[in-house]
Amino acid sequence: MQVKDRMTPNPVTLTEDASFQDALHLMKEKKIRRLPVVAKDGHLVGIVVQKDLFSASPSSATSLSIFEVHYLLSKLKMKNVMTKRVVTVGDDCPLEEAARIMVDYKIGCLPILKEDKLVGIITETDIFKTFVEILGGREKGLRLTLDVTEKKGMLAAIAKEIAKQNGNILSVATFSGKNANDRIITIKVVDAPKESLLKSLETACVKVLNAVDMTEGGYAPRIIARKTRL
């Protein structure tokens, strides 16, 4: 899967001469936190994120009047607050590489270029949605976490045991284990009896770390909302 499969195409943009109010209005209207900045010829020259606008705003402790604050902000242009060094990738970039680049550079989005033209943007939210999809986060089934020694044929052996129990695999993901030769595999399965499948996997020398029946729905979050005292 490539970024073009998960990016937002034709993203909302601003010119470098756009005002502070223009950026703030667009972010509120479109419910977005990032705006690529383009030159008059359409080439990408920078990016503005919501925190840039907050940083440029006077603090609540300012001695300026509300009229003076609005006047100063009206004179503030995107070229004065935007980040000019923008990390980008092409639309053919593999999705996992885009995620790695965002982690390595500690950024929350990547503008997508094709032949030097801005064609899309991918954000950390898009990556999270894909992560949920990869792990079958919205699928009901038996979620297995397995500790497997890394050697050829292990994944095939696990799939064979699941097939013996008439199970169907909905998702598979692998992660690094504590040891260099270990892999943690997460699999979501349907139609296989839980206890019989666990015994079958143990017979195949697969260590089951966790087995959670998710047939009743997803994990329920705990919401804490403190009441404000008057």
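A salt bridge is a side-chain nitrogen of Lys or Arg within 4 Å of a carboxyl oxygen of Asp or Glu. I began my notebook with this term and then looked up pairs of this kind.

**Entry 1: the model**

I noted that this is a predicted model, in which local features need pLDDT of at least 70 and side-chain atom pairs count only at pLDDT 80 or more, while totals for chains, interfaces and linings use all residues. Residues are numbered from 1 along each chain as its sequence is written, and side-chain values use heavy atoms, with hydrogens and water left out.

**Entry 2: the whole chain**

I found eight helices and 11 strands in the chain. Helices (H or I, at least four residues) and strands (E, at least two) are DSSP runs, numbered from the N terminus.

I then looked up burial, where buried means under 20% relative accessible area, exposed over 50%, and partly exposed in between (1.4 Å probe, protein chains only). Of the 230 residues in the chain, 36% are buried. The accessible surface of the chain is about 15400 Å², and carbon and sulfur atoms hold 52% of that surface. Accessible areas come from the Shrake-Rupley method with a 1.4 Å probe; for residues, only the protein chains shown count as cover.

Residues 24 or more positions apart make up 62% of them.

**Entry 3: helix α7**

Which residues of α7 are buried? In this helix, residues 154–164, I listed Met154, Ile158, Glu161 and Ile162 as buried. Seen down the axis of α7, these residues fall within an arc of 100°, so they line one face of the helix. The arc is that of the directions from the helix axis to the C-beta atoms. On the face turned away from the buried side I found the exposed residues Ala156, Lys160, Ala163 and Lys164.

The buried residues of α7 pack against β8 (142–149), β9 (168–176), β10 (182–190) and α8 (194–203). Just after the helix, Asn166 has a positive phi of about 65°.

Lys164 forms a salt bridge with Glu161, and their closest N and O atoms are 3.5 Å apart. The two residues are separated by about one helical turn because they stand three residues apart in helix α7. I recorded Lys164 as exposed, at 55% relative accessibility, and Glu161 as buried, at 11%.

**Entry 4: the largest nonpolar core**

A nonpolar core is a set of buried Ala, Val, Leu, Ile, Met, Phe, Trp, Tyr and Cys residues joined through side-chain atoms within 4.5 Å. The largest one has 15 residues, of which Leu144, Leu146, Ile158 and Leu197 touch the most other members. At least two residues of this core come from each of β8, α7, β10 and α8. The most come from β8, which gives four.

I followed Ile158 further. Leaving aside its neighbours within four places in sequence, Ile158 contacts Leu146, Val148, Ile185, Ile187, Leu201 and Val206. As background, nonpolar side chains tend to be buried together in soluble globular proteins.

**Entry 5: salt bridges across the chain**

How many salt bridges does a search of the whole structure find? The search gives nine.

Arg6 forms one with Glu133, with the closest N and O atoms 2.8 Å apart. Arg6 lies in the segment before β1 (8–9) and Glu133 in helix α6, so the pair ties together parts that are 127 residues apart in sequence. Arg6 is partly exposed, at 26% relative accessibility.

Glu150 forms another with Arg183, with the closest N and O atoms 3.5 Å apart. This pair links distant parts of the chain, 33 residues apart: Glu150 is in the loop between β8 and α7, and Arg183 is in strand β10. I recorded Glu150 as partly exposed at 46% and Arg183 as partly exposed at 29%.

I also noted a network of salt bridges that links Arg33, Arg34 and Glu124.

Is Thr130 buried or exposed? Thr130, in helix α6, is buried, with a relative accessible area of 5%. Apart from neighbours within four places in sequence, Thr130 contacts Met1, Arg6 and Leu95.

Phe131 also lies in helix α6 (residues 124–134), but Phe131 is partly exposed, at 44%.

Note on methods. Contact = heavy atoms within 4.5 Å.
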